[in-house]
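Q: I have a structure open and would like to go through it piece by piece. Can you help me read it?

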Amino acid sequence: MVIGRRNIMKIKVVDAGCGVGKTTAMINFINNSKNDNEKFLYITPFLTEVDRIKESCTNRNFIEPEEAPTKSEDLTRLIEKGYNVVSTHALFQKLTDRVLDLTQFYDYILIVDEAADVIEEIDITKNDLQTIVKEYITVKEDMTVIWNEEKKDYEGRFLDYKHMIEMGGVKAHCSDSGEVVSLVWTFPIEIFDSFKEVYILTYMFNGQKAYYEYNQVDIERLYVDNYQLTTKEVKYNYDEQKKLITIVDDSKLNAIGDNRGSLSMSWFHRNKKSMLMKKLQNNISNFFKHTAEGTPIEEKLWTTFKEYYDIIKGKGYTKAFVPINIRATNDYKDTTAVAYIANRYMKPTLKHFFETEGIEVDEDTYALSELIQFIYRSAIRDGKPITVYIPSKRMRELLKDWINKKDE
């Protein structure tokens, strides 16, 4: 991997709500490009959107990486040969110095449809972390972690961590006393820096910008007007769509989420073996059976944290589950009854990681953007009314505030 940053670049962010036409505008941008030497790497969350880009940008002949020998290696091959490539977030996040020369990106325009996951805490036990810190790594002044040169031939049980550290982007997170308490992976900013231009299509970017502030990235705001990108500010009006949302206001169903931390990941962890899980099951069942009475299974939609799906799934709605981080898909646009069984916060370790760097984390904007993204997978996309059950008081109030705020 290239050491150091080629340039401190500017990322162009198209920050607009669902249904405004961000993807269509980007497709038009690609199709209107007159420079045959411009190359594009288009990253999107789902395979269905991969097909859309291939079909819509016919003059660019986008190619999707194949399995042989692996998609990561095929992605490298396609980039090296200068093809226009469309792929998924998951594959993009696997780019490594073992298979990629970043100079290959210098002539490419990167388009990321929906902000990709760019930071996460590395899953490692406390004992293993202590061993690795003591014997295998060095933490630099800027908290970057490097694998010790004298251990470069290591082949033991920490090999996966070694590979991840050697990729770059692993930072140490320390307690106030200076002890390393976790390792945090951040998507190597050098990869973003290597592209000719970078575009991110998203909504409520302020809830996602901590990583970019941490890496001192300049942000240029773009807008969508009549399915075209523009630098001229556009005021989007969602008032008519907001009128389509009915939030369940049932004190009995909502009581379980009255506390600010209720239905968060930590709440589920504390209560996973308690009777509250049965109560939550009953609440979800009652919502679909009574509040949304008569709704067929194909019009139901619900989600929770994947770790607790098996605990609260239930008869009559289990098959209507979709992952909580669902993005950019029209597969559920016929659903009219939606249950959002979660209270979203940034992981405390990651929040503290940013805050120790003097970067403010806007957790409410992050939570609201995640909730709205999920709701907009439903029939509201086609201008149809929906009923939403959100037992978390915090999440429910965030949505109500957004609905009650008049757009200009």
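**Loops, sheet and cores**

A: Let's begin with a loop: Q216 sits in the loop between α8 (210–214) and β11 (218–225). Keep in mind that this is a predicted model.

Q: Is Q216 buried or exposed?
A: Q216 is exposed, and its relative accessible area is 61%. The cut-off for exposed is over 50%.

Q: What is phi of Q216 near?
A: Phi of Q216 is near 55°, which is a positive value in a residue other than glycine. M143 also has a positive phi, near 75°, and is not a glycine. M143 belongs to the loop between β6 (137–139) and β7 (145–147).

Q: OK, now the sheet with β13 in it. What's the strand order?
A: The order is β13-β16-β15-β14, in an open sheet of 4 strands with parallel pairing.

Q: Which strands stand at the edges?
A: Those are β13 (245–247) and β14 (300–303). Each has a single partner strand, so one side of each has no neighbour in the sheet. On average, neighbouring strands of this sheet are turned by 20° against each other, direction ignored.

Q: How many bridges are there between β14 and β15?
A: There are 4 bridges, and β14 pairs with β15 (residues 337–340) in the parallel sense. Within that pairing, L301 has V338 in β15 as its bridge partner, and T303 has Y340 in β15.

Q: And how many bridges join β15 to β16?
A: 3 bridges join them, and these two strands also run parallel. A339 stands opposite Y389 in β16.

Q: Which residues of β15 are on which side?
A: A337 and A339 are on one side, and V338 and Y340 are on the other. These residues are all buried, and both faces of β15 are covered.

Q: What lies across β14, β15 and β16?
A: Helix α15 does, running at about 150° to β15.

Q: At what angle do α15 and α16 cross?
A: The axes of α15 (residues 363–375) and α16 (residues 393–404) cross at roughly 80° and come within 10 Å. That makes α15 roughly perpendicular to α16, because angles of 65 to 115 degrees count that way.

Q: Which residues meet there?
A: From α15 they are E363, D364, A367, L368, L371, I372 and I375. From α16 they are R394, M395, L398, L399 and W402. By class, the contact of α15 with α16 has 9 nonpolar, no polar and 3 charged residues.

Q: Why would residues spaced like that point the same way?
A: An α-helix has 3.6 residues a turn, so residues three or four places apart point the same way.

Q: How many residues does the largest nonpolar core have?
A: It has 76 residues, and F268, I341, L399 and W402 have the most contacts inside it. Helix α15 gives the most to this core, with 6 residues.

Q: What is F268 in contact with?
A: Leaving aside neighbours within four places in sequence, F268 is in contact with L263, M277, L280, T304, F305, Y308, I312 and I341. There is also a second, separate core of 56 residues, which includes I43, I119, C174 and I200.

Q: M277 was in that list. Which residues are buried in α12?
A: In α12 (residues 276–291), the buried ones are M277, L280, Q281, N283, I284, S285, F287 and F288.

Q: What covers them?
A: The cover includes α10 (251–254), α11 (265–271), β14, α13 (309–312), β15 and β16.

Q: Different topic. Where is M164?
A: M164 is in helix α6 (residues 159–167). M164 counts as partly exposed, at 26% relative accessibility.

Q: What does M164 touch?
A: Not counting residues up to four places away in sequence, M164 touches I122, V170 and W185. As for T131, its C-alpha atom and that of M164 are separated by 16 Å, with the two residues 33 apart along the chain.

Q: Last one, I63. Where is I63 found?
A: I63 is found in the loop between α2 (47–56) and α3 (71–80). I63 has a relative accessible area of 24%, so it is partly exposed.

Q: And what is I63 in contact with?
A: Beyond its neighbours within four places in sequence, I63 is in contact with L78, Y83, N84, V85 and V86. The C-alpha atoms of I63 and L75 are separated by 9.4 Å, and these residues are 12 apart along the chain.

How values were computed. Residues are numbered from 1 along each chain as its sequence is written. This is a predicted model: local features need pLDDT of at least 70, side-chain atom pairs count only at pLDDT 80 or more; totals for chains, interfaces and linings use all residues. Side-chain values use heavy atoms; hydrogens and water are left out. Axes are lines fitted to C-alpha atoms, for helices over the stretch in contact, and angles run from 0 to 180 degrees between N-to-C directions. Angles under 35 degrees count as roughly parallel, over 145 as roughly antiparallel, 65 to 115 as roughly perpendicular and the rest as oblique. Contact means heavy atoms within 4.5 Å. Ala, Val, Leu, Ile, Met, Phe, Trp, Tyr, Cys and Pro count as nonpolar, Asp, Glu, Lys and Arg as charged, and the others, Gly among them, as polar. Two strands pair if DSSP finds at least two bridges between them. A nonpolar core is a set of buried Ala, Val, Leu, Ile, Met, Phe, Trp, Tyr and Cys residues joined through side-chain atoms within 4.5 Å. Buried means under 20% relative accessible area, exposed over 50%, partly exposed in between (1.4 Å probe, protein chains only).
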